[in-house]
Amino acid sequence: MTPAIQMQGVQFSYPKQAPILDIPELTIESGERFFLHGSSGSGKSTLLGIVTGILQPQKGSVRLFDHDVTRMKSRKRDLFRGTHIGYVFQQFNLIPYLNVLENICLPLRFARGKHALKKDMIARATYLADALSISTCLNFPVHRLSVGQQQRVAVARALINSPKILIADEPTSALDHDLRQQFLTLLFEVCSETQITILFVSHDLTLRSFFSTHVSLNKLNNRSTSCTS
Amino acid sequence: MHILMLALKSLKNRKVATSLTLISIALSVGLILGLEKVRKGTRQSFHQTISQTDLIVGARGGPLRLLLYTVFNIGYPTNNIQYETYTQFKNHPLVKWTVPFSLGDSHKGYRVVGTTEDFYRHYRFHGKKNIVFHRGRFPKGVYGAVVGHDVAKQLGYQLGQSIVIAHGLTEGLEKHDEHPFKVVGILEATLTPVDRTVYIPLEGMEAIHVGWGGEQPTKSQIGISQITSFLVRTKKRIHTLSLQRVLNTYEPEPLMAIIPGFTLHRLWQGLRYAEDSLRVIAFCVLLVSFLAMIIALYTTLSERRREMAILRALGASPRTVLFLFVFEAMLLTTGGMILGVLLTYGGLWIGQPILESKFGVFLPLTGLSMYEVKIFVLLFFMGVIAGLIPAWRAYRRTLSDGLSITT
C-alpha cells in the first residue's frame, strides 16, 4: 500500500534566512497514528506547512498517497488540501463571525467533488457534533464555547470532508490534563471507523502512548536548531 | 458557503466599523446624487420660466439681453419698438397670439411692466401652467395694477391699495405721483420672476409718461406709441424659423427675434463652471470616504491574520483571501450607495416643499437617470479598486504567513 505521507530530501528556508528544515526521509503509512514530537521553534509549523502544500520546499519531494504535492500548481495544491486533509490548530481554530455549524461546514466550500456530501452536510455535521458531544451548541456563536468545546468543533470541521489525512498541530496544549485525555479519546473514537491517517504534533511527550508511532523532529531534521543553541 | 456570504458575515461581525464606513459612503453618495437632483431641478425650473412661447421679439441687440430683461427682470432694454410694428405682427397670418411688454418703471424695487389682457390669457410657464388670479381680476381701466405673489406678500398689499410708480428701475428721483395706480388683482405664486413684478396696462404706462393730466382717461383715448418687446406664438410651430427670418429682416426698423429655449440653454451653459466645481467637490468628498473604507479594512488586517491562516488550512487559496477582502469592499460600496439613494430620496421628499416655497425650485422625485446610473457603475468600480489595496496586502501576507500565526 502506498504510504499516506512520504517526504524525501526536503529542504526549506524562509526568504533571506538560514535553512530551517532538512529532512532526508519521512514516511507515514496509511492509517497510521503518527506522533511527531518537537519543541517549540523546532520547525513543526513549517513542516506542517510543507506537508499541506501551503509552503513550497526549495528541494525534495512530498508525496501524499499517489500525488506529489510539490509538483502541483498552487491552485491544485489548495484544492487537494481542501479535499483530502483535515487540519486542527493549537487554539483559536474557529472563524469568529461564523456560528458552530457554519464553522464545521466551511471546508465543503473548498473541496472538490463532494457534492454528495454537500447535500447531506447538515446530517454529517450533526453526526460529528454528536460524536464529539457538541451537538447542543451547533447554532451558538463560537465565543460562547469553552476552549475544549472549540477544539472539538475544530475536529468536527477537520473531519467533515472525510479527509484521508488529519493533521493536528498541538491541539491539546490549551487544555488541562483531564480534558486532554478526554479530547484524545474522543478524537480516536471519531476516527476509529475510518482508515484516516493521523499526524499529531506536540511537545508533550506524555501523549505518545495514544499513538502507534512516535518520532522526534530533532532526529528527523538535520538542521535541528532549537532555540537554546 | 460562498465567499460573498463569508464577507457579509465578517462585516456584520464588525458592526461599528462597518456602519461608520457605510454612513460615510452613503453621505457622500447622497451628496453627489442630491447635487444632481438640485442641478436638474433648477435647470428645469429655469428652462421652464417661460413656455409655449416660440419667439421673443425686441429691438436689435444682444439675444441674451433681450431674454434677460423680458423674462428675468434683469438688465435694461436699449431701444423700444414701434407699436405699429407690433400690431402688424400681431395680425400676421402665421401668428397665433402675442403678448406685448413695456418696461422701464419700477415700484419699490419691483419692476413695473406694461402689458395687455393677452398676458393673463396666453402667458405660460412650467409647461402648461398659466397665470391665475389669487384675488381680483385684470385691470379694465388705465390706472389699474396687478401685483405678483411676492410683491403682495412683501409689501402687504391688498386689493384697492394705491401705489405710485417711479420712473427708472431704481427708486429714482422722478415719481409719477400725480398718477397713482390702484391694485385690482393679486396673482398666485408662479415660482418665476412674474411673482416679483407689477403689471399695469400698456395705456397706463403710456399715460404716466405722456403726462395725461386732469380727468382719468379711458383706454381708448390713449394712443400707444412704443413697446419694449413682445412674445410670439405661431399657429404652427414649424413656422417659427420662417417667422424669425421675417422679423430679423424687417425693413422699417431693426428687430431681433430669438427662440427662448435656445437662448436659455446658452445662458445655462454660461453658468456651468459653478456646477462643475460643485461636482468636483462632491467627488473629493467621495474619495475621502473611500479612503476611510480602505483604512477600515486595512486596520483589521493584523487581527485577521489567524482567520486567513484558518481559511488557508481549510483549502482556501490566496486568491480566495483576496476575494474575501474585495467582496467586503464591494458590499460596503453597494450598501453605501443604496443607503445614499434612500437618503437622497428621503431628503428630497422632506425638503421638496421647503425648497419650493423658499427658493422657487421644484425638485421632482424622478427615478435615476442614465447619468446617475453611470455614476453608480463608476462608484462600484472605485469601491472595488479601493478594496483591492487592503486585499492585495492580505494576499501577500497569507503567502508569507502560511499556517504560522504570531498573535
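This briefing covers the interface of chain A and chain B, then a surface patch on chain B. The model is predicted: local features need pLDDT of at least 70, side-chain atom pairs count only at pLDDT 80 or more, and totals for chains, interfaces and linings use all residues. Residues are numbered from 1 along each chain as its sequence is written.

**Interface area**
- Chain A puts 24 residues in contact (heavy atoms within 4.5 Å) with 26 residues of chain B.
- The two chains bury about 2400 Å² between them, 65% of it on carbon and sulfur atoms.
- Buried area is the accessible area (1.4 Å probe) that two parts lose on being put together, summed over both.
- In chain A, Phe89(A), Tyr97(A) and Phe110(A) lose the most area to chain B, together 29% of what that side buries.

**Salt bridges**
- Chain A and chain B share 2 salt bridges.
- A salt bridge is a side-chain nitrogen of Lys or Arg within 4 Å of a carboxyl oxygen of Asp or Glu.
- Asp78(A) forms a salt bridge with Arg312(B); their closest N and O atoms are 3.0 Å apart.

**Patch on chain B**
- A nonpolar surface patch of about 780 Å² includes Val16(B), Leu20(B), Ile23(B) and Leu342(B).
- Patch residues have over 30% relative accessible area and no salt bridge; nonpolar side chains (Val, Leu, Ile, Met, Phe, Trp, Tyr) are joined within 5 Å, like charges within 9 Å.
- Accessible areas come from the Shrake-Rupley method with a 1.4 Å probe; for residues, only the protein chains shown count as cover.
- Helix 2 (15-47) and helix 12 (318-359) of chain B each supply at least two patch residues.
- Helices are DSSP runs (H or I, at least four residues), numbered from the N terminus.
- Ile23(B) lies in helix 2 of chain B.

Methods:
Chains are lettered from A and ligands numbered from 1 in the order in which they are written. Side-chain values use heavy atoms; hydrogens and water are left out.
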